[in-house]
Structure formats: structure tokens, C-alpha cells
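Thanks for coming. I will go through helix packing, aromatic pairs and a few backbone details, in an order that starts with the backbone.

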Amino acid sequence: MSKSQPRSWGPGEQAEQHYLVEPRHLAGAGDLRHVTEYLRAAGWKDRSKADRLVFAAPDRSVVVGFDPHTPPGGWTISGRETATQPAWHATLTPRVPVEIVAGLTDALTQPRPAHAPDVWAPLQQQSWSRHQGQHVTAVSPDKNTWVQFHQNSPGDAHWWAGARTEHGRLWDAVFTSTTPMHLGQTFSTALSDPQPVMRPRGHFPQTNRIRTTSVSVRPSELRAWEQARIHAARAAAWARNSLGKRPRTAPATPSVGQYAGQKGRVR
């Protein structure tokens, strides 16, 4: 791991030491604003209270919350029942990296894709191994992270993802089997993305299972990267509104759980 000394970039601006951390699934939580500011820019309503964050979709069909106090704490995402979609629920513990959470929450602000989603495809593309049995399980190449369709009996199933280090379990994410399948795919895409994520010094787990690269970053650069993400969300929301359209609802698609259950032979 290289260590570069911060240097001055101009009046009043000092470069700060950050680290590129990989694999991202072991990088630690990160800044919650990576998720919440995107939702805000996309037109979601901020209903946060003093003790927790709460954001509601413009049509109130989905609520995203983060509770740092009530054990086990972390993210809760709930979708209400509609004419084409059963109710669904997801929980993600506090140390799920925000870039992975955003794989799910960003997708909530966008139209459903027209193509048939596949939760397993992004994992296969990144060389995750899959084991077929009562519970279909995909495991990352480093063996520290997994995605599992956990089925005890017909009609009793859920999705479970998790990560661990040599010190034990790092985080868990659980999705009801009714979770829309395209959200499962965007989550698995973000989870298996090989790109490192950036963390300030001291803001990632102490484990020998990560690789870190020291970089010097100007505060203005960090702000510019954050603003680019926010502007993208705002522009997409503006485009939908300017066309006088609400986010398109695709024809009903099977839930993640239904898909895995039907596949049985999931590749």
C-alpha cells in the first residue's frame, strides 16, 4: 500500500488522504448521503425524524429508512402491494456498503427495465461460483460473500446475502421472496462490481482480506463527484416530469423468489 503525502492544491484547499478499498463488499458502510441525497434529488420526500432517516417515493409506493438505534439497526425498504405487485420488504444491516445499498435504492427511482431480469447473471459474469441444492447459493471468488435463495418449503422462502471477515460476520441483507426481480439484479450487480470504493482513513474494517491503495483527493473533487451523481438523479426526474409521465410501470414480472423457485435449475 503506497502512502503519499497530502499536498496543497491552492488557497485554502489541502488534499486529504483517502483509500481505494477492494473488494467493495468488505469496505464498510461509507457515507449514508450517497443513498439519501440521490433519493432526494430524484424527487423522493424526506420524512426523516430526529432518530431515523425516512424517504418516501413520490407515489408513496416504497419507503426507505435507516435506523441507527434500534437493534440490529440499518436499512429497511418496504414496497406496498399494488395491482401488479405483492408487498415486499428488505432489511440491510448497518455495515452494508452504501454503494451496494444504492444498487437497490437507485433502481427504485427508475422505470422497470423491459428485459427479463436475472439475479444470478451479474454474479456469474464476475466468476462467482454457484451451488445447487435445497438452497441455491452463489459465492464470491474470495469466499467471503454470498447470495442465497433460501427455501425451507414451497411458499416459505427468502433471499439472503452476507459478508464476513476473519473476525466474523460483517453484514447481512434479507429480502422477501416477493421482492421485484429487477431489484435483485441491480443489487447483485452492485455487490459483484469489481471496482473499488473510496473511504477516508480509518473508515474501513481492520481485516487482512481487503486491499487498499492510498490516494490524495481534493475536497473540491469529492464534492464534484457527489454533485455529478446528484445531477444525474435530478436530470432523470426532470425528464420524466417534463414529459408529463410518471415512472413507467412495466407489465407485471415475477418476483425474485418466484423466479428462483421456478428455475430450480438456475444457471
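**Backbone, helices and rings**

S127 is exposed, with a relative accessible area of 56%; exposed means over 50%, buried under 20%, and partly exposed in between, with a 1.4 Å probe and protein chains only. Before going on: this is a predicted model, in which local features need pLDDT of at least 70 and side-chain atom pairs count only at pLDDT 80 or more, while totals for chains, interfaces and linings use all residues. Residues are numbered from 1 along each chain as its sequence is written, and side-chain values use heavy atoms, leaving out hydrogens and water.

Back to S127, which is not a glycine but has a positive phi of about 70 degrees. S127 sits in the loop between helix 3 (121–125) and strand 9 (129–131). Helices here are DSSP runs of H or I with at least four residues, strands are runs of E with at least two, and both are numbered from the N terminus.

K143, also not a glycine, has a positive phi of about 70 degrees. Its loop runs between strand 10 (136–139) and strand 11 (145–153), and K143 is partly exposed at 47% relative accessible area.

There are cis peptide bonds to note. From E22 to P23 the bond is cis, with omega near -5 degrees, and P23 is in the loop between strand 3 and helix 1. From P71 to P72 the bond is cis, with omega near 0 degrees; P72 is in the loop between strand 6 (62–67) and strand 7 (74–79).

Which residues of helix 1 and helix 5 make the contact? The axes of helix 1 (residues 33–41) and helix 5 (residues 219–242) come within 8 Å and cross at roughly 30 degrees. Axes are lines fitted to C-alpha atoms, for helices over the stretch in contact, and angles run from 0 to 180 degrees between N-to-C directions. H34, E37, Y38 and A41 of helix 1 meet R229, I230, A233, R234 and A237 of helix 5, where contact means heavy atoms within 4.5 Å.

Helix 1 also packs with helix 2, at an angle of about 25 degrees and with the axes 9 Å apart. These helices are therefore roughly parallel as well. On the helix 1 side the residues are H34, V35, Y38 and L39, and on the helix 2 side V98, E99, V101, A102, T105 and D106. Helix 2 (residues 98–108) is mostly covered, with eleven of its eleven residues buried.

Last, the rings. How many aromatic pairs does a search of the whole structure find? It finds six. Rings of Phe, Tyr and Trp (its six-membered ring) pair if their centres lie within 6.5 Å; planes under 30 degrees apart count as stacked, over 60 as edge-to-face and the rest as tilted.

Y19 and F204 are edge-to-face, at 5.4 Å centre to centre and 70 degrees between the planes. Y19 is in strand 3 (residues 16–22) and F204 in the loop between strand 14 (197–200) and strand 15 (211–217), 185 residues apart. Y19 is buried at 6%, and F204 is buried at 16% relative accessibility.

F175 and F187 have ring centres 5.0 Å apart and planes at 65 degrees, so this pair is edge-to-face. Finally, W120, F149 and W159 form one aromatic cluster.

Key: Angles under 35 degrees count as roughly parallel, over 145 as roughly antiparallel, 65 to 115 as roughly perpendicular and the rest as oblique.
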